[in-house]
Amino acid sequence: MATQQEVKKYLAYWFQLGKKVVTGNGKASFLPQPVLKGDRYSEEFEACWQKILSPEAGDCYLEGTHETIAQLLTPTWELAPCSRCNMPVAMRNVGMPTLLCPCNDIPTWPNSELPAPRSPVNTQEQLIAIRDRLLSNIPSKNN
């Protein structure tokens, strides 16, 4: 089962490539910009996520897919990397897999010359982890 955090990350990655979330049988769509703001998701993305989770939104699905966001949050589905582009895709735990990755209709993807979509990064935490790794590799003068 995909957790809410995994589905949120899934949408954030695809939003970064320009995919929209469609709702109301195609009557409305969401594509928050920007998706990331520093070390967290942007306010626009968070507001969009809340709209998607609200019962008033109805069935919401990622453009180019058939499964709804609500379905992804059930035990029937999990998220795994696409074998073609390594982006997260929805896969059934049981039964037939999905037919296509959402990357199927992005003619310029995968593109290893562009930065890949990512999750928010806490720069301070990353720098501390690098420092700690470097310090642990320094030989002691007492040896």
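**Note on a predicted model: pocket, hairpin, aromatic rings and core**

1. By class, the lining of the largest pocket has 11 nonpolar, 1 polar and 2 charged residues. In this count Ala, Val, Leu, Ile, Met, Phe, Trp, Tyr, Cys and Pro are nonpolar, Asp, Glu, Lys and Arg are charged, and the others, Gly among them, are polar.

2. This is a predicted model, in which local features need pLDDT of at least 70 and side-chain atom pairs count only at pLDDT 80 or more, while totals for chains, interfaces and linings use all residues. Residues are numbered from 1 along each chain as its sequence is written, and side-chain values use heavy atoms, with hydrogens and water left out.

3. The volume of the largest pocket is about 220 Å³. Of the 14 residues lining this pocket, Lys9, Tyr13, Asn86, Met87 and Pro88 are the closest to its centre. H1 gives the most, with 4 residues. A pocket here is an open set of points on a 1 Å grid over the protein atoms alone, where a 1.4 Å probe fits, with protein on both sides within 12 Å along at least five of seven lines; lining residues have an atom within 4 Å of a point. The volume is the space filled by probe spheres set on the points, which are joined across faces, edges and corners. Helices (H or I, at least four residues) and strands (E, at least two) are DSSP runs, numbered from the N terminus.

4. S6 and strand S7 (residues 88-92) run antiparallel and are joined by 5 bridges; strands pair if DSSP finds at least two bridges between them. Leu79 has Ala90 in S7 as its bridge partner, and Pro81 stands opposite Pro88 in S7. The hairpin of S6 and S7 has 6 residues between the strands, and Asn86 takes a positive phi near 70 degrees there.

5. The whole structure holds 2 aromatic pairs, counted when ring centres of Phe, Tyr or Trp (its six-membered ring) lie within 6.5 Å; planes under 30 degrees apart are stacked, over 60 edge-to-face, and the rest tilted. Phe15 and Phe45 are edge-to-face, at 5.8 Å centre to centre and 75 degrees between the planes. Phe15 lies in helix H1 and Phe45 in helix H2 (residues 43-53), so this pair ties together parts that are 30 residues apart in sequence. Tyr41 and Phe45 form a tilted pair, with 4.6 Å centre to centre and 35 degrees between the planes. Phe15, Tyr41 and Phe45 make up one aromatic cluster. Phe15 and Phe45 are buried, as is Tyr41; buried means under 20% relative accessible area, exposed over 50%, and partly exposed in between (1.4 Å probe, protein chains only).

6. Which residues have the most contacts inside the largest nonpolar core? They are Leu11, Trp14, Phe15, Val21, Ile52 and Cys85, in a core of 32 residues. Such a core is a set of buried Ala, Val, Leu, Ile, Met, Phe, Trp, Tyr and Cys residues joined through side-chain atoms within 4.5 Å. H1, H2, strand S5 (60-62), helix H3 (69-72) and S7 each supply at least two residues. The largest share, 7 residues, comes from H1.
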